[in-house]
Amino acid sequence: MENEKIVNLSDSLDTPTFYGVNNSNILCLKNQHPNVRIVARGYQIKVAGAEMAVENFEKSLRLCENFCIRNNRLSEQDILMLLHGDQPHERATDNLILHGVNGKSIYARSTNQLALVRAYENNDLLFAVGPAGSGKTYTAIALAVRALRNKEVRRIILSRPAVEAGEKLGFLPGDMREKIDPYLQPLYDALQDMIPATKLTEYMEKGTIQIAPLAFMRGRTLSDAVVILDEAQNTTALQLKMFLTRLGIGGKMIVTGDMTQIDLPPTQKSGLKDAIERFKSIDGIKTIEFNEKDIVRHPLVKRIVAAYRS
């Protein structure tokens with residue numbers, strides 16, 4: 001007697017990566033189960049065949065699905081290895097945070113990046129301060145993407161203050177969204193390393209990932225989310241207080257900044273500096289201080305940072 005079943009795939013899955021170019025992956029999987037018929041569309045796969053054959057196909061499907069979610073990649077070779085009881089190569093390192101686009105390994109590359117990863121597990125509010133190029137924001141976004149992928153949170157919210165470094169927003173072309181986007185571009189760049197383009201577009205259209213200027217945070221309660229405020233050295237004390245008090249149940253916040261790149265008027269104290277001084281001994285809040293040794297950009301960047309510091 002033929003059995004028919006609809007298998008729903010996880011919404012954490014990037015379906016183009018899972019199905020493969022021209023559906024090569026799903027065809028490979030089907031070829032390993034010749035006694036079933038399948039119709040695959042989006043996040044649903046209809047399977048028909050004898051009850052045991054359908055059950056075996058679903059087990060194989062879930063193996064491939066879980067591997068694809070963990071590693072953000074899937075090939076025909078991966079499928080064949082998984083189905084024959086072998087484990088495709090996965091980078092073995094304690095520093096691994098997640099696998100990004102095309103299976104790229106994203107891991108903590110310095111002592112303080114690793115300290116941030118470990119502090120994330122035991123604290124709901126983190127401050128990561130240090131020089132340009134030390135990976136503060138990139139590591140924070142990787143932690144947020146991992147939490148979303150593991151269903152620890154429902155949303156990622158990324159924000160920056162729109163403070164001009166010698167330029168005025170009014171001189172930029174376009175509407176307010178187009179004026180603000182250049183300030184948020186570094187956040188988009190990091191996300192594009194970690195989430196395939198189609199999935200990232202889907203997340204942003206659904207509001208699963210939100211990127212907005214700091215001013216747009218007022219009045220919100222940010223629950224079940226990882227919330228990241230970048231360039232926080234350019235907030236005032238009142239702005240940062242407003243932001244920090246948005247934290248809701250099931251949420252985590254990571255605040256990053258560089259004290260040597262404050263673009264506020266000389267009469268205003270950085271809200272980031274003020275907050276770090278206030279929260280030194282509060283449980284659940286941790287500050288990680290990055291330095292020149294953590295810089296992972298071009299080797300010259302370390303020397304440039306050191307020259308400006310001296």
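Colleague: Happy to look through this one with you. Which residues make the nonpolar surface patch of about 370 Å²?

Modeller: In this predicted model, the patch is made by L300, I304 and Y308. Y308 has its place in helix α11, which covers residues 299-309.

Colleague: How do you know whether Y308 is buried or exposed?

Modeller: The relative accessible area of Y308 is 75%. Exposed means over 50%, so Y308 is exposed.

Colleague: Good. What is the overall make-up of the chain, in helices and strands?

Modeller: There are eleven helices and eleven strands. Of the 310 residues in the chain, 49% are buried. The exposed surface comes to about 16300 Å², with 51% of it supplied by carbon and sulfur atoms. Among contacts with a separation of 6 or more, 70% are between residues 24 or more positions apart.

Colleague: Which residues are buried in helix α9, and what do they pack against?

Modeller: In α9 (residues 237-244), L240, M242, F243 and L244 are buried. The buried residues of this helix pack against strands β6, β7, β9 and β10, and against helix α10.

Colleague: On to charges. What makes K151 and D11 a salt bridge?

Modeller: Their side chains meet at 2.7 Å, N to O. The cut-off is 4 Å between a Lys or Arg nitrogen and an Asp or Glu carboxyl oxygen, so the pair qualifies as a salt bridge. K151 sits in the loop between α6 and β7, and D11 in the loop between β1 and α1, so the pair ties together parts that are 140 residues apart in sequence.

Colleague: What is the phi of K151?

Modeller: Phi of K151 is near 60°, a positive value in a residue other than glycine. Most residues other than glycine have a negative phi. E231, in the loop between β9 and α9, also has a positive phi, near 55°. At 23% relative accessibility E231 counts as partly exposed.

Colleague: How many salt bridges does the count come to?

Modeller: The count is 15. One of them joins the side chains of E65 and R62, at 2.9 Å, N to O. These two are three residues apart in helix α3, which means they are separated by about one helical turn.

Colleague: Are E65 and R62 buried or partly exposed, and how do you know?

Modeller: E65 has 4% relative accessibility, and buried means under 20%, so E65 counts as buried. R62 has 26% and counts as partly exposed. Both belong to a network of salt bridges that links K5, E58, R62 and E65.

Colleague: What is the N to O distance in the salt bridge of E202 and K199?

Modeller: For E202 and K199 the distance is 3.4 Å, N to O, which is within the 4 Å limit. They are three residues apart in helix α8 and separated by about one helical turn. E202 is buried, and K199 is buried too.

Colleague: Last one. Where does N66 lie, and what makes N66 partly exposed?

Modeller: N66 lies in helix α3, residues 51-71. N66 has a relative accessible area of 41%, between the 20% and 50% limits, so N66 is partly exposed. N66 and L13 are 53 residues apart in sequence, yet 8.6 Å apart in space, C-alpha to C-alpha.

Definitions and conventions. Residues are numbered from 1 along each chain as its sequence is written. This is a predicted model: local features need pLDDT of at least 70, side-chain atom pairs count only at pLDDT 80 or more; totals for chains, interfaces and linings use all residues. Side-chain values use heavy atoms; hydrogens and water are left out. Patches are made of residues with over 30% relative accessible area and no salt bridge: like charges are joined within 9 Å, nonpolar side chains (Val, Leu, Ile, Met, Phe, Trp, Tyr) within 5 Å. Accessible areas come from the Shrake-Rupley method with a 1.4 Å probe; for residues, only the protein chains shown count as cover. Helices (H or I, at least four residues) and strands (E, at least two) are DSSP runs, numbered from the N terminus. Buried means under 20% relative accessible area, exposed over 50%, partly exposed in between (1.4 Å probe, protein chains only). Contact means heavy atoms within 4.5 Å.
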